[in-house]
Each structure stands twice: as structure tokens, then as C-alpha cells.
Amino acid sequence: MTLFARFPDGDDMKPEIRLAQWLMASVFIVMGGYRLWGALHGVPTANATLAFSAVEFLLGLLIAAGWRLRAMALLAALLMLVDAALSHRFWLLQGAEQGAQLLHFMKNIGFVGGLLLLATVAGGGKRR
């Protein structure tokens with residue numbers, strides 16, 4: 001038994017998949033880090049937002065590192081679905097506001113699709 005899990009696909013992961021992994025991780029690292037950095041510099045931030053941002057930042061680091069990549073990608077997909085439903089409730093709005101929130105909602109949904117693909121590739125396409 002090893003202390004650190006290795007990639008299910010090992011070092012054979014294609015460069016374009018590795019790049020996609022890092023790009024998806026960057027969203028979580030940058031946005032979580034941005035809110036944490038702001039809070040450290042006096043921006044008023046709710047405790048729930050701080051906790052969410054810390055989890056988001058850590059999740060991004062774990063995805064970038066490839067640690068339990070399939071599980072982390074699935075967790076990130078769930079996080080993005082929850083964020084879409086709670087933060088971008090376009091169905092409650094009208095006009096331009098509705099269009100803007102629909103765009104953000106659909107961006108999150110598209111990102112979920114990418115994370116699900118990453119989880120599938122990381123798992124070798126097999127259920128574990």
C-alpha cells in the first residue's frame with residue numbers, strides 16, 4: 001500500500017487532458033483564492049463564503065495535483081451544480097438581469113460537463 005495514490009492513467013495521461021485538468025482546477029484556485037485574499041485584506045466576507053472559498057481553493061489544488069482525480073472532479077461537478085442553482089436563479093428575474101444570470105448558470109452547467117468528462121477519463125472509463 002502506498003501513501004499517495006497515483007493517477008489511474010499514470011503518466012500516460014494525454015497532454016491535452018492534463019491541460020484541461022489544470023485549466024479546470026485554475027477556476028477553483030483563482031476564484032477561491034481571490035475571495036480569501038480579499039477577506040485577508042479587509043473585504044467584509046460572510047463566514048459561509050469564507051468556508052466555501054477555502055473548500056473551493058483546496059479542491060482546485062487537489063484537482064491540479066491529480067489527487068484522487070475522479071472523486072475530486074465529481075465533487076467539483078456537484079459544487080458547480082449547487083452554485084448554479086443557488087447563485088444564478090435566472091428563473092426569478094426579468095429582462096437583461098435574467099439573461100445575464102442565465103449565461104452564468106449555463107457556464108456552470110457547461111463546466112459541470114467538462115468535470116464529468118475529466119472524471120470519466122481519470123477513472124479509465126470504468127466504475128470503481
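So, the largest nonpolar core: it has 19 residues, and Phe28, Ile63 and Leu115 touch the most other members. By nonpolar core I mean a set of buried Ala, Val, Leu, Ile, Met, Phe, Trp, Tyr and Cys residues joined through side-chain atoms within 4.5 Å. Buried here is under 20% relative accessible area, exposed is over 50%, and partly exposed is in between, with a 1.4 Å probe and protein chains only. Helix 1, helix 2, helix 3 and helix 4 each give two or more residues to this core, and helix 3 has the largest share, seven residues.

Quick word on what we're looking at. This is a predicted model, where local features need pLDDT of at least 70, side-chain atom pairs count only at pLDDT 80 or more, and totals for chains, interfaces and linings use all residues. Numbering starts from 1 along each chain as its sequence is written, and side-chain values use heavy atoms, with hydrogens and water left out.

Okay, the fold. The chain has four helices and zero strands; helices are DSSP runs of H or I, at least four residues, strands are runs of E, at least two, and both are numbered from the N terminus. Of the 128 residues, 28% count as buried.

The largest pocket holds about 320 Å³ of space. A pocket, on a 1 Å grid over the protein atoms alone, is an open set of points where a 1.4 Å probe fits, with protein on both sides within 12 Å along at least five of seven lines; lining residues have an atom within 4 Å of a point. Of its 14 lining residues, Arg35, Phe52, Glu56, Asp83 and Asn108 are the closest to the centre. Helix 3 (69–87) is among the helices that supply at least two lining residues, and the largest share, five residues, comes from helix 3.

Ring pairs link Phe90, Trp91 and Phe105 into a cluster, and Trp91 is partly exposed at 45% relative accessibility.

Technical notes
Rings of Phe, Tyr and Trp (its six-membered ring) pair if their centres lie within 6.5 Å; planes under 30 degrees apart count as stacked, over 60 as edge-to-face and the rest as tilted. Grid points are joined across faces, edges and corners, and a volume is the space filled by probe spheres set on the points.
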